[in-house]
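Dear colleague,

My notes on it follow.

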Amino acid sequence: MTMCPAYIRYIIIALAFLTMTAAMPVFAQELGPDGAPNPTASVESESKLLQQLPRIEGRIDIPNQREHVLQQPAGRLWDHFHEVTLHWLGAIVILGMIAALGAAYLIMGRIRISKGRSGQRVLRFNSFERFSHWLTAISFVVLGLTGLNITFGKLVLLPVIGPESFSSVAQYAKYVHNYVSGAFVIGLALIVVLWIRDNLPRKVDIDWIKQGGGFIKSKHAPSGRFNAGEKLVFWFALGAGAAVIVSGYLLIFPFYGTNIAGMQIAQVVHAVIAVLFVAVIIAHIYIGTLGMEGAFEAMATGEVDLNWAKEHHDRWLEEQLSRKRLAARSGQTTAAPAE
Amino acid sequence: MARVKFLCDADRCIECNACVTACKNEHEVPWGINRRRVVTINDGKPGERSVSMACMHCTDAPCAAVCPVSCFYTTADGVVLHSKDLCIGCGYCFYACPFGAPQYPKVGNFGSRGKMDKCTYCAGGPEADSTPAEYAKYGANRLAEGKLPICAEMCSTKSLLAGDGAIIAEIYKERVMKRGYGSGAWGWTTAYHEGIAV
């Protein structure tokens with residue numbers, strides 16, 4: 001074995017020098033004309049930092065670590081959403097829905113029981129179902145009003161009652177909103193468990209839609225326990241409810257697992273979904289009270305008129321009646337003592 | 001009076017935190033609240049810079065816009081102040097503030113943050129100037145005494161400047177011209193919709 005030829009060693013050394021001299025200008029740039037390090041050589045400007053990331057973050061010496069964000073210009077964007085976008089969206093969606101329902105009432109009027117009342121009653125919702133519905137409904141109305149107050153109160157209520165009274169109203173409204181949320185969660189969970197089976201999509205739903213959903217008087221829209229419209233409300237309530245619950249609890253427990261951007265997104269999701277939710281529920285309240293004769297009693301006493309059930313939930317009524325007949329028949333046969 | 005502003009010359013800040021301490025002392029700020037803080041960027045790396053940050057007293061202040069009870073107001077000097085009597089502690093001003101200025105006495109689950117506290121530019125609050133009631137809620141009112149904010153007044157390197165926005169911008173420009181560099185007036189574009197061209 002021989003050593004490396006000498007010329008190879010020379011080439012390696014020459015290459016090493018070459019790379020060093022190539023690197024020299026980099027060092028030279030970081031030195032000022034007097035040979036001292038240039039203090040601005042590697043400073044990144046504010047605008048450059050903001051181009052790289054939406055926030056400028058650093059290290060702080062105080063215990064409140066969320067303060068390590070030096071600057072988040074997105075705050076101004078969120079301000080714009082909250083003060084411009086949300087105000088318009090809320091006003092258009094909610095007032096638009098009220099206007100549309102008003103027009104529907106003027107044009108179509110109340111949907112009557114066309115054959116009139118039969119006087120016979122059928123149980124539609126048992127007491128536990130009604131309790132679950134009203135738990136959700138009352139908490140929703142309370143949450144809706146106290147929530148709308150946070151966005152629209154200063155435009156609507158503050159000029160009327162003055163800043164001091166409005167401030168204490170808003171303070172109580174905030175606490176009510178935060179704590180009543182628990183009732184809404186329980187109510188929604190009960191509703192979902194109780195009614196999810198009857199709200200699964202069926203073939204009859206397509207027929208219901210084809211027949212104009214009961215809004216066209218000459219046609220009959222067939223339906224099981226819940227018609228396609230009610231099913232849409234159910235699934236919307238489930239989806240929107242889950243979204244407002246998750247985003248709402250992120251807001252109630254601020255900065256647990258979220259940063260400033262997370263809090264802003266949670267608020268945007270919460271507000272947009274809630275506004276849509278309010279509009280849909282206003283329509284739900286309309287059709288359940290003013291819009292349709294014989295509908296409200298289903299949730300009030302739990303019983304509906306036989307003719308109402310025939311017109312709006314024919315398939316469900318058939319099931320109920322045949323079950324009743326079966327029960328009656330088996331009641332006769334099992335009159336003898338059970339074994 | 002003119003429009004007052006804050007300017008932190010990050011090329012001068014030595015992260016001594018004297019502004020933070022002076023502020024806490026001047027206003028008897030409760031534990032856990034820091035109206036001013038120093039954030040160090042690129043800590044331990046080449047190009048490290050520290051910036052002293054508090055409320056910038058923004059033009060079109062986002063905190064004031066989003067407040068659900070409209071408890072903010074802007075003085076003739078451009079100082080953004082708020083009323084703790086009206087504040088409901090919802091936390092929205094913190095989400096809107098580009099500079100993390102609003103502070104709350106408590107952690108704040110279920111909306112229990114307490115009344116918001118922030119830098120007042122040493123200008124007190126809505127109560128009568130320099131009264132014990134004003135001091136208890138908002139701290140000293142140095143502006144009413146013709147003094148500037150304590151943080152800037154006692155900055156050892158004169159990194160933090162407070163006063164008439166046009167004058168402090170001019171001072172900063174002169175500095176940059178003389179020394180030949182400057183990393184810019186931090187936060188000015190976001191706060192005042194204008195930077196300082198040098």
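I begin with one helix of chain A. Helix α8 (residues 228-252) of chain A has 25 residues, and the distance from its first C-alpha to its last is 35 Å, close to the 36 Å expected at 1.5 Å a residue. Please bear in mind throughout that this is a predicted model.

The buried residues of α8(A) are Ala228(A), Glu230(A), Lys231(A), Ala237(A), Gly241(A), Val244(A), Ser247(A), Gly248(A), Leu250(A) and Leu251(A). Their packing partners are α6, α7 (203-210) and α9 of chain A.

On the α3(A) side, the contact is made by Ala74(A), Trp78(A), Phe81(A), Leu86(A), Leu89(A), Gly90(A), Val93(A), Ile94(A), Met97(A), Ile98(A) and Leu101(A). On the α9(A) side, the contributing residues are Ala261(A), Gln264(A), Val268(A), Ala271(A), Val272(A), Val275(A), Leu276(A), Val278(A), Ala279(A), Ile282(A), Ala283(A) and Tyr286(A). By class, the residues of this contact of α3(A) with α9(A) divide into 21 nonpolar and two polar, with no charged residue.

For chain A as a whole, there are twelve helices and four strands. Of its 339 residues, 25% count as buried. Among the contacts in chain A with a separation of 6 or more, 65% are accounted for by residues 24 or more positions apart.

I turn next to the contact between the chains. It takes 47 residues from chain A and 41 residues from chain B. On the side of chain A that touches chain B, the elements that give two or more residues are β2 (69-71), α3 (74-108), α4 (127-156), α6 (163-195) and α9 (260-288) of chain A. The most comes from α6(A), which gives nine residues. The residues on this side of chain A divide into 21 nonpolar, 16 polar and ten charged.

Chain B has seven helices and six strands. From the N terminus on, its elements run β-α-β-β-α-β-β-α-α-α-β-α-α. The C-alpha trace of chain B spans about 50 × 35 × 30 Å along its principal axes. The radius of gyration of chain B is 17 Å, which agrees with the value near 16 Å that a compact globule of 198 residues would have. Buried residues make up 52% of the 198 residues in chain B. Of the contacts in chain B between residues at least 6 apart in sequence, 55% join residues at least 24 apart.

Phe110(B) has a phi near 55 degrees, a positive value in a residue other than glycine. Phe110(B) lies in the loop between α3 (92-96) and α4 (132-138) of chain B, and is partly exposed, with 13 other C-beta atoms within 10 Å. His193(B), likewise not a glycine, has a positive phi of about 60 degrees. His193(B) is placed in the segment after α7 (188-192) of chain B. Since exposed residues have 12 or fewer other C-beta atoms within 10 Å, His193(B), with 11 such neighbours, counts as exposed.

With kind regards

Technical notes
Residues numbered from 1 in each chain as written. Chains lettered and ligands numbered in written order. Predicted model: local features only at pLDDT ≥ 70, side-chain atom pairs only at ≥ 80, totals over all residues. Contact = placed C-beta atoms within 7 Å. Nonpolar A, V, L, I, M, F, W, Y, C, P; charged D, E, K, R; others polar. Expected span 1.5 Å × (residues − 1). Buried ≥ 20, exposed ≤ 12 C-beta atoms within 10 Å, placed from the backbone. Rg over C-alpha atoms; globule rule 2.2 N^0.38 Å.
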